[in-house]
Amino acid sequence: MKVAQLFILILAFLIIKPASAGLLIEPVVGYNVAKFGVDNPSYDEEKAIGPSFGGRLGYQKLGFQLGLDYLHSSLDVDDNAFKENVTSNEWAGFVGFEFPVLLRVYAGYIFAATGESKLTGNQKLELSEGSGMKLGVGFTGLPFVDINFEYRKGTFGTQL
């Protein structure tokens with residue numbers, strides 16, 4: 001009887017994979033297709049496009065993810081009022097879940113965002129006190145490559 005129990009115990013260790021946890025490090029390179037607006041009656045919401053980069057750092061266990069997210073964006077705003085690109089930096093906390101097959105979902109809260117641009121007439125537009133949210137879905141078709149589609153909505157306080 002003891003031999004059978006020992007055999008079942010050894011078999012269980014060989015077949016059953018123990019749960020694992022790990023550090024989540026994810027570089028981010030992306031492209032924004034967005035609408036950009038300033039809470040000011042003289043500026044309308046305009047189309048904005050441009051690259052972004054950043055990264056995620058967090059913890060992952062049993063598919064659940066928790067961490068911090070940084071994103072730097074450089075947007076070309078389709079408006080005559082802006083002389084230069086609008087650059088922004090945002091920090092967010094995120095939670096997510098990675099399914100066993102090719103799919104990840106996540107949500108985040110943007111708790112700090114800043115930015116700046118030069119306007120026509122030598123005025124400088126400073127974006128501060130930004131906050132918002134983000135929702136995303138990621139597809140992993142290739143090892144170490146995750147393609148994400150993300151929806152972000154945020155607001156800034158402004159200073160001229």
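Reader: Which residues make the nonpolar surface patch of about 490 Å²?

Author: This is a predicted model, in which local features need pLDDT of at least 70, side-chain atom pairs count only at pLDDT 80 or more, and totals for chains, interfaces and linings use all residues. Residues are numbered from 1 along each chain as its sequence is written, and side-chain values use heavy atoms, with hydrogens and water left out. A nonpolar patch joins side chains of Val, Leu, Ile, Met, Phe, Trp or Tyr within 5 Å, from residues with over 30% relative accessible area and no salt bridge, areas coming from the Shrake-Rupley method with a 1.4 Å probe and a salt bridge being a Lys or Arg side-chain nitrogen within 4 Å of a carboxyl oxygen of Asp or Glu. Here the patch is made by Phe-139, Leu-142, Val-145, Ile-147 and Phe-149.

Reader: Which strand gives the most to the nonpolar patch?

Author: Strands are DSSP runs of E, at least two residues long, numbered from the N terminus. β7 gives the most, with three residues.

Reader: How many aromatic pairs does the structure hold?

Author: Rings of Phe, Tyr and Trp (its six-membered ring) pair if their centres lie within 6.5 Å, with planes under 30 degrees apart counted as stacked, over 60 as edge-to-face and the rest as tilted. The structure holds four such pairs; in one of them, Tyr-70 and Trp-91 have ring centres 4.8 Å apart and planes at 45°, so this pair is tilted. Tyr-70 lies in strand β3 and Trp-91 in strand β4, 21 residues apart. The rings of Phe-97 and Phe-99, with centres 4.9 Å apart and planes at 75°, are edge-to-face.

Conventions. Patch = residues over 30% accessible without salt bridge, like charges linked within 9 Å, V, L, I, M, F, W, Y side chains within 5 Å. Helix = DSSP H or I, 4+ residues; strand = E, 2+ residues; numbered from the N terminus.
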